[in-house]
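Okay, thanks everyone, let me put the next one on the screen. I'll go through the packing, then the rings, then the part to be careful with.

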Amino acid sequence: LTNPTREGYTFDGWTGTGLARATETVTIPTHSSGDRTYTANWTPIDYTVTAPGTITGGSVSADKTTGVHIGDTVTLTVTPDAGYALTSLTVNDGDGNPVAVTNNQFTMPASNVTVTVEFQKLYTVIVADGIQHGMVTASAASVFASDTITLTVTPDAGYALDTLTVIDGTDPDNPETVDPDVVATKTNDSKDADGNVKEYYYGDT
């Protein structure tokens, strides 16, 4: 018999007619007659899942890390720290090929795998209270560094925009006054590791 192969398994030998135990080599004599039955026996190969654990901005762990077999479902637990959000979660096999992840779960391939994760700091955008004679809204309340925030400025009837002041939480003593004739968007480029607040003011300043 020709020994078979099976992805993710080790062939342990044949059992069946005339064999007292699993045997890798089975030779059927020439001119043999009668029915013979043989069964291939397999042992699943143990693989590993390597997850980074706790890193800057959060943590990720796997419910199975050793002795994982092809076809097993592996569940990842991803926990961002306060003020952070998950921005990237990838799983790659031993050849660097991506493994599909759905709802933080993946099916184990015939290979060890590595989990890679990235968290980014979230920053808060606050439009100041007490604005008179109009209103301002921001396109997002929580953003990443270098995201673009669009401000919508709506003066009341009979009023026009006077000043638009941007206060960076990393440098509150140096507000930036933006030309109201040209402002359409404002980029949040703060990289404060403590997540200081950015504020956008409109009105009588």
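So, Met108: which residues is it in contact with, leaving aside its neighbours within four places in sequence? We get Tyr47, Thr48, Val49, Val68, His69, Ile70, Gly71, Asp72, Val74 and Val113, where contact means heavy atoms within 4.5 Å.

Before I go on, this is a predicted model, so local features need pLDDT of at least 70, side-chain atom pairs count only at pLDDT 80 or more, and totals for chains, interfaces and linings use all residues. Residues are numbered from 1 along each chain as its sequence is written, and side-chain values use heavy atoms, with hydrogens and water left out.

Back to Met108. Met108 belongs to the largest nonpolar core, which has 17 residues. By core I mean buried Ala, Val, Leu, Ile, Met, Phe, Trp, Tyr and Cys residues joined through side-chain atoms within 4.5 Å; buried is under 20% relative accessible area, exposed over 50%, partly exposed in between, with a 1.4 Å probe and protein chains only. Along with Met108, the residues with the most contacts inside this core include Val49, Phe106 and Val115. At least two core residues each come from β5 (58-62), β6 (73-80), β7 (84-93) and β9 (113-127), and β9 gives the most, with 4. Strands here are DSSP E runs of at least two residues, numbered from the N terminus. There's also a second, separate core of 6 residues, with Tyr123, Val143, Leu151 and Leu164 among them.

Now the rings. How many aromatic pairs does the structure hold? The count is 2, taking Phe, Tyr and Trp rings (six-membered ring for Trp) with centres within 6.5 Å; planes under 30 degrees apart are stacked, over 60 edge-to-face, the rest tilted. Phe11 and Trp14 are edge-to-face, 5.6 Å centre to centre with 70° between the planes.

Thr10 sits in strand β1 (residues 9-16). Why does Thr10 count as partly exposed? Because its relative accessibility is 40%. Beyond four places in sequence, Thr10 touches Asn41, Trp42, Thr43 and Ile45. The C-alpha atoms of Thr10 and Ile45 are separated by 6.5 Å, though the two are 35 residues apart along the chain.

Last, confidence. The chain averages a pLDDT of 83, with 82% of residues scoring at least 70; pLDDT is the predictor's per-residue confidence, from 0 to 100. Over residues 180-205 pLDDT stays under 50. Where pLDDT is low, the predicted coordinates should not be read in detail.
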